[in-house]
Amino acid sequence: MASKAQRKPLTLQLALVAFLIVWLIAAAFPFLWTLWGSFKVELDFFSINDWTNALTGDRTEQTYGRPFTGAGYYGAWIQEEFWRATINTFIVCFFVVCTSLTIGTLGAYALSRSGHNYVFWLLIIALIFRAMPPITLVSGYLPVFFDWNIWGYLPTAIIALVAINQPFTLWMLHSFFMKIPKDLDESAKVDGCTQFQAFWHVIIPVMWPGVITTGLFSFLLAYNDFAVTALVLSESNRTMIPEIAAFLGTTQTEGNVMFAVAAVVSATVPLFILVMFFQRQIVSGLTAGAVKG
Amino acid sequence: MKHKTFFWFFLPTAAAMLVFIFAPIVSVVMQSVFLPHEAVLVEVENCGPFGCTTETAIDQEATDRLRDASPLGRFSGLELYFDRSNLASAEVAEIWRTTESWGAFGSELYDLPFYRAMAFTLTYTFTVTPLLIALGFFIAVAVNSVTRQIRGFLIFFSLLPMIVTPLVGSLILFWMIDARGVLGNLISYLANDPGLSLKASTPLMWISLIVYGIWSSAPFAFVVFYAGLQTVPQDTLESAQIDGATRAQQIRYVIVPHLMPLITFVALIQLMDNFRVFEPIVGFNAEAHARSLSWKIFNDLTGETQQLSAAATTSVLTILCVALLLSPVLVRTWRDFRGKA
Amino acid sequence: MFLRNTVAAAALVVSAGAAFAGCGITDGRVSIVGNEFPAIQTVGANAVACAGDSVEVTTNLTADHQSINLPGMQGDPAEYTSAIIANSSIVALMNNDVIRPLDDLIAKHGGDLKKNQIITIGGNAMAVAFMANAQHLVYRSDLLEAAGLEVPTTYEEMLSAAKVLREKGLSENPVGGAYKAGWNLAQEFNNMFLGMGGSHFKAGSAEPSVNSEAGVKALEMMKALSEYMNPDFLTHDSNATNAEYRAGNVALMNMWGSRAATLVTAEGVPQDVVDGFAIAGPMTVGGGDTPASTLWWDGWTVAKNISDEDAEATFLAMMNGIRPEMIQDDDVATQAVWLIDGYEPTPAAVGVYAAAQSGTIPYPMLPYMGLMHTALGAELTDFMQGNETAEQALADVEAAYVASAKENGFLQ
């Protein structure tokens, strides 16, 4: 690629670089601004009088004697014990990713290896299922969950999230499996493997990048979910996003926006690490699958 | 694969979807054709910290008798689908009769909640989806053309809009575009209009929402396309170069066809997600200017009195609209499927 | 909420002195659902203090309580034995018949209650109120003084004061208002409409009557006020309005009493705003006597679908949650305008007290008021943006309300 890049005319190269810089600013600026602002007091973060206060920390300096403060972080993590929500989030994400990948790979593999017409219709039905607005689904869950006494617990939220995300998982994994030659498992079966053994010993090792990519998207869905976790989990089992929403306050009651801002910045850190760690897999994963549909 | 093997492989995922998606859909459909019972009202005297007032309340015993007589509710058929909260057939017919120009017809129609929601939902879906695909594609091509060393860094920052939770991401952007926020100041400086406020005008609010939609979804398209670019067959590309194809032609005739299945996949997912647009409207406090079908459902469900039937009806209509919207893509998928099988 | 742990700690300290074993409960299950602001956290923590060997007391205090409390009380036995609600939200529980009359329990254990804490509906005591709330005037005394203005007692005076403040260059947008489309805008309309002498429904029926002279006048007043607000007023909820006040941009606003105490205690509020901060009662409008505001109470209920033993345990635990002794603590006393015996109003509570004394109308506890509120919130925005006349907007409100009232069986 490098050699080809050198062959580009200078103007094109400049245009590309300029485009990338503009995009990077657009993508990262709001986050960097938030990161900077999370060390200020609320009146500086929402600097109503003069937007430059957000940069200089005028009011922060007046309150704390210096333009930066860790009060938001202290409040969120120590005073409000945000770490509890963090632990809950990781439990939920871990089990959502594991469960949805397990049942998703099995289902998607079956879909990709069966040529019957019902396969197409199952995929379509899964897609239609995905069209249902999550908030309607959740309001349908509530009476049943209360009736069965399973409301408020982490496993309930995990199963609901897995189910809601299944259509996406199935479609994504299905396209990965379509990319893997059918000869591979056919020859394994000729060698005396059952379908499951072929799937487990031959296909899964090849599929690993695809599984990781799909897992990452499931992780993000579970991590950022609000509709399910806000209504299905009890206060003591809350995950990060509803906890952040709780920091924001309501019409009749005061919230603390800076706790929320600090919590949002903190909530992004594990995602950074995750993306940095898995970025190679995301790309190679998508490359392995999806490409030929 | 044998039917039986298929069944066992597919069972867990099917069971999860049947219980958690299909069953609620059935109950939602039921709710949309059965209305709550008529409430028998009685006048009562209510007293509290601020004195007594005469108000009405529901006579529970009388209402219970109605409830026992027909446990599911009042069967109303499709009545709810055609009343004012949804398709509003009578009102639309009335407007059709009384208005004289298309403009007047349109603005009267926009006054009905369902069509108001549809107007924004469709505009949003059909501007955001193609633009985010285009933007994602250009980012992917651009990132793919720089040296390998800094690509990791670029991917990492490009993903940011997707991974910051929309609940707070939109709140922060909402503040930034305020007339006194950093972006709002920049925009009014560029427009040379010190009184410019994005939040006070409906068209500008729509544009803000659309830009936010593109910004937050472009990374998804970017990741998928970037991955696809890694597998463009080099020999095809080189032979195109030898034949004297320009860069634009290479993209047009080699790269785009190669990425077509991916573009279909992204279009499918994004058409559906954009049609259900909801979080930006709440995050931007944009209810006065823009409403979507999902927002309408949310509003019916979270009022002081839950309107389950209205929300159920709008949900069913949403599913039907999504099916309609996706049908061209689905026909294409069917052809691909037949072609392969 | 952000004060949760300090509040809980304070409440526990207070209750430690009086920690009699189990509050007189021998055994039972108590499970409380409610909103999560500091006052309710205190009540919850005091109720939890009743937990013992055979007494289980749990709380689930969340901003989403209104979505959860109904399904959580409909089962048999109900998941929640008590829901903490307000006069607007008790309606949903009444409509679905999930809370029980408390008369016998009050007779047996309710000695500490003041008469006005007991909410009776049709002669049955259905809830016990413990705090009050109302919207009232909050203003900047320094700015009004600089402009040589009296504190407004009517909205008409507020308008002319705003005009003076703007003309003298003291404030560009002197009026603050939580006019965000939806619940907030509808609530401001309710205030103004009731102040104009309007009534949302024809007497004794669910027929709407907002499209009236009072309705039009209320909308016109709101529109006139909005001219003196930040142009983004349709996106401003009470958080945003408070932020404007703290920044020193707003001189006059109608604000919730529950938020008055913390208005200028936030970090970094400029000194002149802190010094000029002042509270007055709600204003009247259109020459009427009734203030253009509504009164609110928060209280607790006991579920219907639970055993009598659990109901009694719940009642006792909740009674302990609102013990008169707890308001001796200064932090607790400033958390709300308590209706509990022995409460002395703090300076921040004068607005709500003035509202109660001047004959403000309580927010209507009607089965179909929620539907009207939703319809108002959705349909009034066109008028506020200048796209419709007041009559058209109110006709839309009535049409939207009638459609939803028919769906829910209140109108035929």
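**View 1. Buried residues of helix H2 in chain C.** In this predicted model, the residues of H2(C) that are buried are Pro38(C), Ala39(C), Ile40(C), Gln41(C), Thr42(C), Val43(C), Gly44(C), Ala45(C), Asn46(C), Ala47(C) and Val48(C). A residue counts as buried here if 20 or more other C-beta atoms lie within 10 Å of its own. Because 11 of the 11 residues of helix H2 (residues 38–48) of chain C pass that test, the helix is largely enclosed by the rest of the structure.

**View 2. Strand E7 of chain C and its partners.** Now look at strand E7 (residues 252–256) of chain C: five of its five residues are buried, so this strand too is largely enclosed by the rest of the structure. Which strand pairs with E7(C) in the antiparallel sense? That partner is strand E5 (residues 124–140) of chain C, and the pairing runs over five bridges. To find your way, look for Val138(C), which stands opposite Met253(C) in E7(C). Strand E6 (residues 175–176) of chain C runs parallel to E7(C), and two bridges join them. Here Val175(C) stands opposite Leu252(C) in E7(C).

**View 3. Where chain C touches chain A.** How many residues does each chain bring to this contact? Chain C gives 37 residues and chain A gives 34 residues. On the side of chain C, the elements that give two or more residues are helix H1 (4–16), strand E2 (55–61), helix H3 (65–74), helix H8 (183–195) and helix H10 (238–246). The residues on this side of chain C divide into 13 nonpolar, 15 polar and nine charged.

Notes:
Residues numbered from 1 in each chain as written. Chains lettered and ligands numbered in written order. Predicted model: local features only at pLDDT ≥ 70, side-chain atom pairs only at ≥ 80, totals over all residues. Contact = placed C-beta atoms within 7 Å. Helix = DSSP H or I, 4+ residues; strand = E, 2+ residues; numbered from the N terminus. Nonpolar A, V, L, I, M, F, W, Y, C, P; charged D, E, K, R; others polar. Buried ≥ 20, exposed ≤ 12 C-beta atoms within 10 Å, placed from the backbone. Pairing = 2+ DSSP bridges.
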